[in-house]
Amino acid sequence: MLKMNLKWNTNMNNAFYSVIKIDESFKKIFEQFGLPLNRTIEQGFESLAKIIIGQQISTNVAKSLSDKLKKDGMLNEKKISEASIEKLKLYGLSSQKSSYLKNLATLTIKNEIDINSLNRLKSDEVTNLLIKIKGIGHWTINNYKIFALQDTNAWPSADLALQEALRQLKDLETRPNEKEMEKIGIMWEPHRAAAALFLWHFYNKVKIEKADYKS
């Protein structure tokens, strides 16, 4: 994958300041921690594959698995399409995720999907295209939209860290579920991705502070 100097684009940067005006809570995060860190990723198979690998596991574990594949030159559509499920499992992937990755790789090799051209589609068109692929759900799609496509209104409402961040930020008694997150997110449209990034930013900062306190 070609390395590029990626950063939040103008639309996303504008969305940060727009959502601050909508919700005082984000203004407080901004004043205390600044803008969300640059976590942009390149468009393409590798990035989408990494998000699939990260489904329902911790960020650290996901990075470790991806790094192993990358080190061996495996994290591309050609190598994964040619690899057996058994070989992929040796890297720590489950049978299910190995199958998902092989399926995506095969579709890419056969030109049945062009991941690199998703930025030319409307947001709902991206969703309609990717949701048909086995192993890709709304969480994966919205994360790809935020970090690779910089869709300012993408909203991964099923993300547990996002739910917990909102619970802490708004001092809620219980962590909101996916359906409740969808309702809450309406107030931040069309800047929900900026809201999500602020919430993750807040969550990560609070986690670090708690870890420092315990040590």
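Modeller: The largest nonpolar core has 31 residues, and those with the most contacts inside it are Leu69, Leu104, Ile115, Leu130, Ile136 and Tyr144. A nonpolar core here is a set of buried Ala, Val, Leu, Ile, Met, Phe, Trp, Tyr and Cys residues joined through side-chain atoms within 4.5 Å, and buried means under 20% relative accessible area, exposed over 50% and partly exposed in between, with a 1.4 Å probe and protein chains only. At least two residues of this core come from each of helix H3 (45-53), helix H4 (59-71), H7, H8 and H9, and H3 gives the most, with six residues. Helices are DSSP runs of H or I with at least four residues, numbered from the N terminus. Apart from this core lies another, of 29 residues, among them Ala15, Ile29, Ile146 and Ala193.

Please keep in mind that this is a predicted model, in which local features need pLDDT of at least 70 and side-chain atom pairs count only at pLDDT 80 or more, while totals for chains, interfaces and linings use all residues. Residues are numbered from 1 along each chain as its sequence is written, and side-chain values use heavy atoms, with hydrogens and water left out.

H3 and H7 pack with their axes 10 Å apart, at an angle of about 160°, where axes are lines fitted to C-alpha atoms, for helices over the stretch in contact, and angles run from 0 to 180 degrees between N-to-C directions. H3 is therefore roughly antiparallel to H7, because angles over 145 degrees count as roughly antiparallel, under 35 as roughly parallel, 65 to 115 as roughly perpendicular and the rest as oblique. From H3, the contact is made by Phe45, Leu48, Ala49, Ile52 and Ile53, and from H7 by Lys97, Tyr100, Leu101, Leu104, Ala105 and Thr108. These residues divide into nine nonpolar, one polar and one charged, where Ala, Val, Leu, Ile, Met, Phe, Trp, Tyr, Cys and Pro count as nonpolar, Asp, Glu, Lys and Arg as charged, and the others, Gly among them, as polar.

Thr108, which is found in helix H7 (residues 95-109), counts as buried because its relative accessibility is 12%. Leaving aside its neighbours within four places in sequence, Thr108 is in contact with Phe45, Glu77, Ile113 and Ile115. The C-alpha atoms of Thr108 and Glu77 are separated by 6.7 Å, although the two residues are 31 residues apart along the chain.

Turning to another pair, the axes of helix H8 (residues 123-130) and helix H9 (residues 138-147) come within 10 Å and cross at roughly 140°, which means that H8 is oblique to H9. Ser123, Val126, Thr127 and Leu130 of H8 make this contact with His138, Ile141 and Lys145 of H9, and the residues involved divide into three nonpolar, three polar and one charged.

Finally, in the loop between H7 and H8 lies Asn111, which has a positive phi of about 60° although it is not a glycine. Most residues other than glycine have a negative phi. Asn111 is exposed, with a relative accessible area of 69%, whereas Thr108 counts as buried.

Conventions:
Contact means heavy atoms within 4.5 Å.
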